[in-house]
Amino acid sequence: MKERLEGLRIEALAELEQVQNPQTLNDLRVKYLGKKGALTEILRGMGGLSAEERPIIGQVANDVRAAIEAVIEQKQETFQQEETNNRLRAETIDVTLPGKALPTGSVHPLNKVAQEIEDVFIGLGYSIAEGPEVETDYYNFEALNLPKNHPARDMQDSFYITDDILMRTHTSPVQVRTMKESKGAPIKVICPGKVYRRDDDDATHSFQFNQIEGLVIGRNIRMSDLKGTLLQFVQQMFGEQAQIRLRPSFFPFTEPSAEVDVTCVQCGGNGCRMCKQTGWLEILGCGMVHPRVLEMGGYDPEEVSGFAFGMGVERIALLKYGIDDIRHFYTNDLRFLGQFARM
Ligand code: DAH
């Protein structure tokens, strides 16, 4: 019986030596030490031993059990340690790695251009005035020398809300509002904002777009002041080499009126497809404030004079960035918008 026990010890230890995983280890524990295991099987024969032999064999059996248990325990510890090591390895993070960049938004090109235009005029001492987008017929037309049934109203097809209220068709009504608020004091403002027209959308038209209006009123304000101001503006916007020219035009709220062209941003004035070989691109309307408009704003045309101008932000942005379709500004294609993030 002693031999069988020693044989069991050798067999068990040899087999345990080979164990590679906790599952097999457990199987072997059951196989050798379990209730129906090999050791119990041998010890069943204890009953047939003499009283002297029994404690000796009992001692051997205990030694064998202890030896097997010791190896199992040691193996278990090794497996646990390995598992911990693997987990730590898997959870390791390299804190020196650069983070993942989050996608960030960027300022919309139209806002960017509007801000740039505003900055130029703020630099020239202008302040910013604003007015409502839902406007009365009076401010949008009448106070700008466009009485009801005046044919020039057709220049701007309008969205009417009632007979007397409409979506403003231009930022010019802010002129009159500012005059009324200023009560005869000198004025130097720009008025940025959205305007609305009953136009079909195409590459150069939109039912809603952005304008920036300018108004200067004071003593001895002359056409040359207007021209100098616009030249300054254009050169800051498009570069020192840019020139302007004024072409006589008509607006009911200015007299005389002019349309302003800038030397073509593409060819510099030599003539190309963009400027239809003329070397010039139209950028805004302007003129000397009409005496009737001054009067309706509460100013005496005998005492003061003024100039005004109005430009489309989309138009300036198209020219500045060489974009050929105004609809790009409104369709929110991130591939288009993202290009302005770094400009
Ligand atoms: N309000 C005009 C338009 O929308 C633009 C304009 C022209 C504004 C001449 C002015 C100006 O202040 O003097 O077409």
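Trainee: Hi! Which residues of α2 meet which residues of α4?
Mentor: Pro22, Leu25, Arg29, Tyr32 and Leu33 in α2 meet Arg65, Ile68, Glu69, Ile72, Lys75, Gln76 and Phe79 in α4. Meeting here is contact, that is, heavy atoms within 4.5 Å. The helices are DSSP runs of H or I with at least four residues, the strands are runs of E with at least two, and both are numbered from the N terminus.

Trainee: What kinds of residues are in that contact, by class?
Mentor: The contact of α2 with α4 has 7 nonpolar, 1 polar and 4 charged residues. Nonpolar covers Ala, Val, Leu, Ile, Met, Phe, Trp, Tyr, Cys and Pro; charged covers Asp, Glu, Lys and Arg; the others, Gly among them, are polar.

Trainee: Where does this model come from?
Mentor: This is a predicted model, in which local features need pLDDT of at least 70 and side-chain atom pairs count only at pLDDT 80 or more, while totals for chains, interfaces and linings use all residues. Residues are numbered from 1 along each chain as its sequence is written, and side-chain values use heavy atoms, with hydrogens and water left out.

Trainee: Back to the helices: at what angle do α2 and α4 pack?
Mentor: Helix α2 (residues 22-33) packs against helix α4 (residues 53-91) at about 170°, and their axes are 10 Å apart. An axis is a line fitted to C-alpha atoms, for helices over the stretch in contact, and angles run from 0 to 180 degrees between N-to-C directions.

Trainee: Parallel or antiparallel, then?
Mentor: α2 and α4 are therefore roughly antiparallel. Angles over 145 degrees get that label, under 35 is roughly parallel, 65 to 115 roughly perpendicular, and the rest oblique.

Trainee: And how does α1 sit with α4?
Mentor: Helix α1 (residues 2-17) has its axis within 10 Å of that of α4, and the two cross at roughly 5°. That makes α1 roughly parallel to α4. Their contact has 13 nonpolar, no polar and 6 charged residues. Among the α1 residues that meet α4 are Leu5, Leu8 and Leu16.

Trainee: New topic: is β9 buried or exposed?
Mentor: In strand β9 (residues 305-312), 6 of the 8 residues are buried, so this strand is largely enclosed by the rest of the structure. Buried means under 20% relative accessible area, exposed over 50%, and partly exposed in between (1.4 Å probe, protein chains only).

Trainee: How many bridges join β5 to β9?
Mentor: Strand β5 (residues 208-218) is joined to β9 by 8 bridges, and the two run antiparallel. Gly218 has Ser305 in β9 as its bridge partner. Strand β8 (residues 280-289) is joined to β9 by 5 bridges, also antiparallel, and Met288 stands opposite Phe307. Two strands pair if DSSP finds at least two bridges between them.

Trainee: What joins Glu255 and Pro256?
Mentor: A cis peptide bond, with omega about -5°. Pro256 is in strand β7 (residues 254-263). Most peptide bonds are trans, and most residues other than glycine have a negative phi.

Trainee: What is phi of Asn149?
Mentor: Phi of Asn149 is near 70°, a positive value. Asn149 lies in the loop between α6 (137-140) and β3 (165-167), and counts as exposed at 78% relative accessibility.

Trainee: Last one: where is Thr171?
Mentor: Thr171 lies in the loop between β3 and α7 (173-182). Thr171 is buried, with a relative accessible area of 0%. Leaving out residues up to four places away in sequence, Thr171 touches Cys191, Pro192, Gly193, Val195, Gln211, Ile212 and Glu213.
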